[in-house]
Number of protein chains: 2
Amino acid sequence: MATVQGRTAHTKIAALADHGSSARAVIRELLVHGPMARAELARRLQLSPAALTRVTRDLLETATIREAAAAPGATGGRPGTPLEVNVEQHQMVGAKITAEGVYAVRTDALGRVLQGGQRQLSSTDVPEVADAIVDLVNEVAESQPVEALGVGLAGAMSRFDDRARHNLFLGWDDVPLGTMLESACGLPTVISNDVRALTAGVHWSGPARGRDDFAVVTTGVGIGLGLVIEGRMVVGPRGRAGMIGHQRVSGTGPLCVDGHRGCASSFLTTAAITRAVAVAHGDPSMTLARVCTLADGGDPAARRTLAEAGHALGAIVADLVNVMDLPSVILAGDGLPAVIRAQTELEQSLAERLDRHAAMPELRFLVSDFDEWARGAAVVACQWVLLEPPWRRSPDAAARPRTGRERSWQRPRSPVAVHS
Amino acid sequence: MATVQGRTAHTKIAALADHGSSARAVIRELLVHGPMARAELARRLQLSPAALTRVTRDLLETATIREAAAAPGATGGRPGTPLEVNVEQHQMVGAKITAEGVYAVRTDALGRVLQGGQRQLSSTDVPEVADAIVDLVNEVAESQPVEALGVGLAGAMSRFDDRARHNLFLGWDDVPLGTMLESACGLPTVISNDVRALTAGVHWSGPARGRDDFAVVTTGVGIGLGLVIEGRMVVGPRGRAGMIGHQRVSGTGPLCVDGHRGCASSFLTTAAITRAVAVAHGDPSMTLARVCTLADGGDPAARRTLAEAGHALGAIVADLVNVMDLPSVILAGDGLPAVIRAQTELEQSLAERLDRHAAMPELRFLVSDFDEWARGAAVVACQWVLLEPPWRRSPDAAARPRTGRERSWQRPRSPVAVHS
DNA sequence: CCCAGAGTGTTGACCTGGTGAAGAAAGGTG
DNA sequence: CACCTTTCTTCACCAGGTCAACACTCTGGG
């Protein structure tokens, strides 16, 4: 039983997952919206003040939350005592896998990075990558007890998956990575799509904190999309949501690798941008950094290429906003430093293509490195621990001792359909 | 107190809304997925068999559900006795408002039409339209007790709104239609966007029955979109989701009214199609029916125009499927009979623009009249009654007698944010 | 200064609704 | 027939939420 209980047995602090559903809802609300008094929590969670008193007493006794200093804003009645989560007592590890290397961070429950590390990969074979992750997780997690591990990589995963599916860069499909890491690291482990993990990080404690509807669009090797609607990540019934790269943004332009003319990826990917500038300069060794330097120096080919990229990005953002009524869009990815140089064209194209009755979204730019992606995976692990019912937390639940809160009859075959 | 209780007091049958949340979940599950044994319900709703026995006993006693004949498929153990909802005992009224007239239907809880009616409108003033609706509702609802009224019209409404907002065809904004009709008809009333109401109808008891992820795209005066993701209707934080009309589908083509070149509405709306054919024939009095006749007769201009429309529709469907991973798309609206003549071009354009890793969706065509839209509004009313907690059912809840299940402290200020 | 008002937080009795365990019921199969 | 599987029921129990009442702590007014 090398699970979280084993790791945290020496401390009196209960793991986030060891609380009831209302208590977990309280923790979520405090994490996402910041310190808050019991009365406010009761209103938001539609519980009675009495229930809040009881739930928060248990959480205070286990030091999961603590009382904070009262806010100065007086309102006429007895001032409430804000509660806040003891985030540093609940740490997670997140990892991001690319074909070149693995990156990991240890974070607190809010997803703030406390320690990081990385490993180069010389092959993409499953055992080698798994070994690198285990090694890296042990490195960043050895100094502190950790409650869960989240792993992000490209592919068609469900929201909280246990397998790595359909990864083109690594050539993996349906690899039981969750189970492998769970037993090797002794940590509850969840696998997730990398763009959606980044989006979760942005949502939990980044520029989208507190928002319920927004999109994250990433540019780089490909174009990625993470979509949050009414506070829920859009995953798609087969985990394939977010394939936005081949949306048409122009009637002309180069062909993309799939033979589409004028699609977003023929203007926006790193390969498309460097190739266009390379052709203009007769220099096949062009890099994105070089394109930026050229554009900053006034080179017309580089500027035109980036302008077209900005135009394309504005177009796909406009289509998203039109269809989903998004008040906020966040742009990220390693291609962003280049595309951001065409912010004017981006905003112009966005304004042009926005529906007359749609509202202009707030645009934000998130320039980051791979740690931000690993951080997102840690946030996914935290959300998972706070959301999943205990009897579902681990794929090998049958082998674990029963806690008394689990069920005795058969598991449901499929999730409940909520119609609303 | 002219609410549903007043209307149904003479019968022993409890209204759908008068059950607890698990009982309502059972009713929803039985409505959406058809007759089902208790054991299967328990698995789907993640309840114990014991809980199901108790919940269904109450529902059977009030004749809300009944036992059906056992299905022949034997499985080795004791065969379960399927349960089904007494749909004909729970009737709703749905209405659709256009600038020309109002349409209403009385349906059972599954949304099956039992009676219909319509009224022409000579003006779009709020009082006249409201009078027409009240008159029509009284006509279709006089022979049977009815539990709720749903009204669909264009605009930026929330999922279950009480006001009509931002309606361009009627020139209305923020009209308290729900409250007006609620007191005039004596029925709990909910206001909803018309395309989303149609989508709800398609979901509840139409071609998308039992599905959790699909889109409905309508063509006609404009282009409409209803999107259901994980069983939930996408509404947008300001009720404006679904504005898909100005997505770019081509680099060339006519200008739309908003000045976009090559956007979907410049190929797909009734006005765009008829104008293109009218220009080609020098006949300004062109109608969509005439375009269909011409195309069937081999007229090149009509055929080309419809082919372009089919191409445009395929393109916007492809973008939707790419981004949302939808396994199923339903095409509807009064423009569909024309566009369906270009089914080949539609499917070809869809296949071309689909991402290489996306799955081809199932396409369905729903040719219908305005009754189908009114039927959708009735389904919205039924969903509302089954979903909304009792203390929120009616906007003037404060004036109603307390039922004992309601809360004594302040209402929450905002809905709970669910992060997942 | 004291009191009314307003909002927050706590307590204890109570109750709703779900659970566990055990077993009856109803069909197959050898 | 015995035996298995799955469904459904019963009943004691309990987790967790509610109600009602009240204590607490601030503001503002006379």
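At the start of helix 7 of chain B, the backbone nitrogen of V195(B) has a side-chain oxygen of N193(B) within 2.9 Å. Before I go on, note that this is a predicted model.

Let me stay with that helix. Helix 7 of chain B covers residues 194-205, which is twelve residues. From first C-alpha to last it reaches 17 Å, close to the 16 Å expected at 1.5 Å a residue.

How many of the twelve residues of this helix are buried? The number is eleven, and helix 7 of chain B is therefore described as mostly covered, given that buried means under 20% relative accessible area. Among the buried residues are D194(B), V195(B), R196(B), H203(B) and W204(B).

Now chain A, and how it is divided. There are three parts: domain 1 (4-88), domain 2 (91-199 + 371-397) and domain 3 (211-365). I will look at domains 2 and 3 of chain A. Their centres, taken over C-alpha atoms, are separated by 27 Å. On the domain 2 side, twelve residues are in contact with 18 residues of domain 3 of chain A.

The size of an interface is often given as the accessible area lost when the parts come together. For domain 2 and domain 3 of chain A, about 1,000 Å² is buried between them, and 66% of that is on carbon and sulfur atoms.

Helix 7 (residues 194-205) of chain A gives the most to the side of domain 2 that touches domain 3 of chain A, namely four residues.

Next, one residue in chain A. Where is Q91(A)? Q91(A) is in the loop between strand 2 (83-85) and strand 3 (92-97) of chain A. Is Q91(A) buried or exposed? Its relative accessibility is 5%, so Q91(A) counts as buried. The Q91(A) side chain reaches the backbone oxygen of E88(A) at 3.2 Å. That side chain of Q91(A) also makes a polar contact with the side chain of R106(A), at 2.7 Å. Beyond its neighbours within four places in sequence, Q91(A) is in contact with residues including T107(A), L114(A), P145(A) and V146(A).

On to salt bridges. Over all chains, a search of the whole structure finds 44 of them. One is between the side chains of E84(A) and R66(A), at 2.8 Å from N to O. Since E84(A) lies in strand 2 of chain A and R66(A) in strand 1 (residues 65-67) of chain A, the pair ties together parts that are 18 residues apart in sequence. E84(A) is at 22% relative accessibility and so counts as partly exposed. R66(A), at 29%, also counts as partly exposed.

A second pair is K96(A) and D194(A), whose side chains meet in a salt bridge of 2.8 Å, N to O. This pair links distant parts of the chain, with K96(A) in strand 3 and D194(A) in helix 7 of chain A, 98 residues apart. Both K96(A) and D194(A) are buried. There is also a network of salt bridges that links E29(A), E40(A), R43(A) and R44(A).

Last, the contact of chain A with chain B. The two chains bury about 6,800 Å² between them, 51% of it on carbon and sulfur atoms. That contact takes 76 residues from chain A and 75 residues from chain B. Six salt bridges are found across the interface of chain A and chain B. The side chains of R238(B) and D325(A) meet in a salt bridge at 2.9 Å, N to O. The rule also finds 14 residue pairs in polar contact across the interface of chain A and chain B. Elements that give two or more residues to the side of chain A that touches chain B include helix 2 (21-33), helix 3 (38-45) and helix 7 of chain A. Helix 11 of chain A gives the largest share of that side, five residues.

Key: Residues are numbered from 1 along each chain as its sequence is written. Chains are lettered from A and ligands numbered from 1 in the order in which they are written. This is a predicted model: local features need pLDDT of at least 70, side-chain atom pairs count only at pLDDT 80 or more; totals for chains, interfaces and linings use all residues. Side-chain values use heavy atoms; hydrogens and water are left out. The expected span of a helix is 1.5 Å times one less than its number of residues. Buried means under 20% relative accessible area, exposed over 50%, partly exposed in between (1.4 Å probe, protein chains only). A polar contact is a pair of N or O atoms within 3.5 Å; within protein, one must be able to donate a hydrogen and the other to accept it, and residues adjacent in sequence count only if both atoms are side-chain atoms. Domain bounds come from an automatic or database domain assignment. Contact means heavy atoms within 4.5 Å. Buried area is the accessible area (1.4 Å probe) that two parts lose on being put together, summed over both. A salt bridge is a side-chain nitrogen of Lys or Arg within 4 Å of a carboxyl oxygen of Asp or Glu.
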